[in-house]
Amino acid sequence: QKEVEQNSGPLSVPEGAIASLNCTYSDRGSQSFFWYRQYSGKSPELIMSIYSNGDKEDGRFTAQLNKASQYVSLLIRDSQPSDSATYLCAVKTSYDKVIFGPGTSLSVIP
Amino acid sequence: EAGVAQSPRYKIIEKRQSVAFWCNPISGHATLYWYQQILGQGPKLLIQFQNNGVVDDSQLPKDRFSAERLKGVDSTLKIQPAKLEDSAVYLCASSGSGTLGGEQFFGPGTRLTVL
């Protein structure tokens, strides 16, 4: 089992729709979770971090964490073409390593 | 606040040659990371420094890769000799001690092509 897995893409959504990106992790003791956005040819950029169960909202982005089920998700409301990118889930494990998932490519269709 | 600086941005070399990359983290950030990112994959950690000490280098191919962080500030990553499979983007990131989980800030990366 891979340490951090993400739903396979590419994911295509129409402009204005909600994009849902999912991530599961294997280390039950993980405490810190991050979403990074990476545009083609650019480096990753941190967009959300979450540490507690529940939802965390920042503008059009909502991160959701469920430690019991070992998953974390990112919802993007009112998706825009500028949201088209690869979204990387990263998990800081109980042994103090940050592990990145393979990423999910999102395409928002105008 | 200046971001993470990396150089060069692009490098093309032939296999068996050597290459070096440089990174200057955000001022005051104690933790520095080097990642290798192959097209279509997530970043893979090569080495993590805390100040000038190595925290994790378990995935660094030590027969050909080396890294140092003298004085706990900037860092260099070297490959000698390079192989075709080393073609990738090499990312440097840093994080500060004040972050709970180590939010990382990435430099622009160095795109390496090995011919």
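Which residue stands opposite Phe65(B) in strand 8 of chain B? The residue is Ile79(B). This is a predicted model, in which local features need pLDDT of at least 70 and side-chain atom pairs count only at pLDDT 80 or more, while totals for chains, interfaces and linings use all residues. Residues are numbered from 1 along each chain as its sequence is written, chains are lettered from A in the order in which they are written, and side-chain values use heavy atoms, without hydrogens and water.

**The sheet in chain B**

- Strand 7 (residues 65-68) and strand 8 (residues 75-79) pair over 4 bridges; pairing requires at least two bridges found by DSSP.
- These two strands form a hairpin with 6 residues between them, and Lys71(B) in the turn has a positive phi of about 65°.
- Strand 1 pairs with strand 3 (residues 19-24) over 3 bridges, and Ala5(B) has Asn24(B) as its bridge partner in strand 3.

**Where chain B meets chain A**

- In contact (heavy atoms within 4.5 Å) are 19 residues of chain B and 18 residues of chain A.
- There is 1 salt bridge between the chains, defined as a side-chain nitrogen of Lys or Arg within 4 Å of a carboxyl oxygen of Asp or Glu.
- Asp56(B) and Lys97(A) form a salt bridge, at 3.5 Å from N to O.
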